[in-house]
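Some labels attached to a structure deserve a check against their cut-offs. The questions below do that.

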Amino acid sequence: MSPGVPNWATASDELRQVYAVIEGEMEEIEDALRRELKSNCQFIDRMLKHGFQLGGKRLRPALVVLAGKVGGQVSPDHITIATAIELVHTASLIHDDVLDEAVIRRHLDTVNARWDNEASVLLGDYLLARAICLAGSLDTMDACREIAKASHHMCHGELRQIATRGQYELEENEYLNIISEKTASLYAACGRLGARYAGAEPDVCELFARFGINLGIAFQIVDDILDIWGDEGKMGKSLGTDLDKQKPTLPLIYLLESLGESDRTEVVATLRDHRDGFRNTVRRWLVQTDAMARAERKAQSYVRRAMEVLESLPQNSATAALRQLAEFVCHREQ
């Protein structure tokens, strides 16, 4: 990504169509992030600017703004909330890279690869603290409470996932509960806050939260599929970390469910031993048993649930953009 070019501006054609509806607001959010991600200390400033480049496609800020446009009117508060939420997300990426021992993100060194784990953990903490300060600067405490609650759920979900490492008997419902916390809770906060700060009624705010939950679950399932099946060159980040860390994600859960006892024992032994070429072996099994396709269908089912929620909301260009956003999540390759 070229310096000074917003991440969302270099997104796929599908995402650019989504962001065309909110281009002005996205530029404001990008400017706000630049203001937040700087320091008078040269060492911290370098890390913050590097962290800014590692940020994602700005899906969460876009959801805040689009929910505001569907639910009522976008205000400066939406820009502040979207900026705070993107800081939380960036912090989570930096922390995730430490946990996964990842070395590449968005075709750049991760913070832990360029500096070290100690600096990475503290930088993530710094961004979380800054996000809470930003949310606390608003006239009401709703955003601060909601973002703090979502951050708590994200950490709780990550800890639950750590507890399941190597537990290949994990069931689908437990996996879905974990990703609802670690990923979807922040999407739910985006939808709820976008609507709430646009003056929407509480029941409408909850519809947007439901949209966010379903979108977030679909996003994480696809992410887990791509971690096994994606192209590192396209993705621009370290892949295979779920297999290396023995995380029982949905494709593996479906694979193991489909096997008899002896085959299952062989697969679990391969997953634990990490013999040379084990990733390709796992990929082959996933295709042969339809486990990968089944996981893809599950992600698609959550996208359909998200779209069904939109049917109950006012229909305008922002609602159409939310549909496109949901479609992108399901079919993305990075």
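Q: Why is Thr-183 called buried in this predicted model?
A: Its relative accessible area is 8%, and buried means under 20%, so Thr-183 counts as buried.

Q: Where is Thr-183, and which residues is Thr-183 in contact with, leaving aside its neighbours within four places in sequence?
A: Thr-183 lies in helix H9, residues 172-196. With those neighbours set aside, Thr-183 is in contact with Gly-216, Phe-219 and Gln-220.

Q: Which residues touch the most other members of the largest nonpolar core?
A: Leu-59, Ile-221 and Leu-322 do, in a core of 102 residues. Helix H10, residues 202-229, gives the most to this core, with 13 residues.

Q: What does Leu-59 touch, not counting residues up to four places away in sequence?
A: Leu-59 touches Leu-15, Tyr-19, Tyr-187, Phe-219, Leu-325, Phe-328 and Val-329.

Q: How many disulfides does the structure hold?
A: The structure holds 0 disulfides. For Cys-133, the nearest cysteine sulfur is that of Cys-144, 8.5 Å away; a disulfide needs the two sulfur atoms within 2.5 Å, so Cys-133 is in no disulfide. For Cys-190, the nearest cysteine sulfur is that of Cys-205, 13 Å away, and by that 2.5 Å cut-off Cys-190 is therefore in no disulfide either.

Q: What makes Cys-133 partly exposed, and what makes Cys-190 buried?
A: Cys-133 has a relative accessible area of 46%, which falls between the 20% and 50% cut-offs, so the label is partly exposed. Cys-190 has a relative accessible area of 0%, which is under 20%, so Cys-190 is buried.

Technical notes
Residues numbered from 1 in each chain as written. Predicted model: local features only at pLDDT ≥ 70, side-chain atom pairs only at ≥ 80, totals over all residues. Heavy atoms only, no water. Buried < 20%, exposed > 50% of the residue type's maximum accessible area, 1.4 Å probe, protein only. Core = buried A, V, L, I, M, F, W, Y, C linked by side-chain atoms within 4.5 Å. Helix = DSSP H or I, 4+ residues; strand = E, 2+ residues; numbered from the N terminus. Contact = heavy atoms within 4.5 Å.
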